[in-house]
Amino acid sequence: MRIVGLTGGISSGKSTVSNLFKSHDIPVVDADIVARDVLKKGAGGYKRVVAAFGEDILQANGEVDRPKLGQIVFSDPGKRQLLNRLLAPFISSGIFWEILKLWLKGCKVIVLDIPLLFEAKMDKWTKPIIVVWVDTETQLQRLMARDRINEEDARNRTNAQMALDLKRSKADIVIDNSGTIEDLEEQFQKVLVQVTEPLTWTEFWLSRQGAFSALASIIIGVVVGKNVLSKL
């Protein structure tokens, strides 16, 4: 199995690229969806976060008010780190099970969409790593327009993440999303060819088909060995 790492920054266009992969029938494990699930009322992550941040972060129906929680952690690095520590075990576990389900289905290539790919040190499990990059000014303008926030709030949110230039330096593949959607789609087509190339031998043996092949080889070896020994 080939696990492709996909990351970027807030408003860099990572989600657009993720959706492009989905539209080409490449399965995507989305860490943001997993994170939302672990924060649902009654979930393990929910209990820990409410215990740490108090019931003021809850909506009337008891669910976590995600925008309110976001305002708290984006303006306070200490609380942001606390939130990451509380949720990391649950998110990692959720991602593992999603990958396992796709492995059992026999998927050969999957995309792991994680905003904090490097920060969570999950980059070592993915190859190649794709970073969706955009220049700082474009990122700020898109974020302010999307979330209807002022420049100060936008900068707080972008500064809360690893700099995109640093992420770009760690990437195997960089998609520059500073231009138009047509430019992005043109780059994506080239990337799609790269990530869907035939699996390497290592990736094959890590796939379900490779595991079954290895198991079949072992069984055949045992049967042949028994037959040989029985004739001695």
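**Close-up 1. E197 is partly exposed, with a relative accessible area of 44%.** On this scale, buried means under 20% relative accessible area and exposed over 50%, with partly exposed in between (1.4 Å probe, protein chains only). E197 sits in the loop that links helix 9 (181–195) and helix 10 (201–205). Helices (H or I, at least four residues) and strands (E, at least two) are DSSP runs, numbered from the N terminus. Although E197 and R2 are 195 residues apart in sequence, their C-alpha atoms are 10.0 Å apart in space.

A friendly note on the model: it is predicted, so local features need pLDDT of at least 70 and side-chain atom pairs count only at pLDDT 80 or more, while totals for chains, interfaces and linings use all residues. Residues are numbered from 1 along each chain as its sequence is written, and side-chain values use heavy atoms, leaving out hydrogens and water.

**Close-up 2. Five strands form an open sheet with parallel pairing, in the order 2-3-1-4-5.** Strand 2 (28–30) and strand 5 (173–176) are the edges; each has a single partner strand, so one side of each lacks a neighbour in the sheet. From one strand to the next, the twist averages 20° (axes are lines fitted to C-alpha atoms, for helices over the stretch in contact, and angles run from 0 to 180 degrees between N-to-C directions).

**Close-up 3. Strand 2 pairs with strand 3 (residues 109–113) in the parallel sense over three bridges.** Pairing requires that DSSP finds at least two bridges between two strands. Here V28 stands opposite V111 in strand 3.

**Close-up 4. Helix 2 (residues 31–38) lies across strand 2 and strand 3.** Helix 2 runs at about 45° to strand 2.

Terms used:
Contact = heavy atoms within 4.5 Å.
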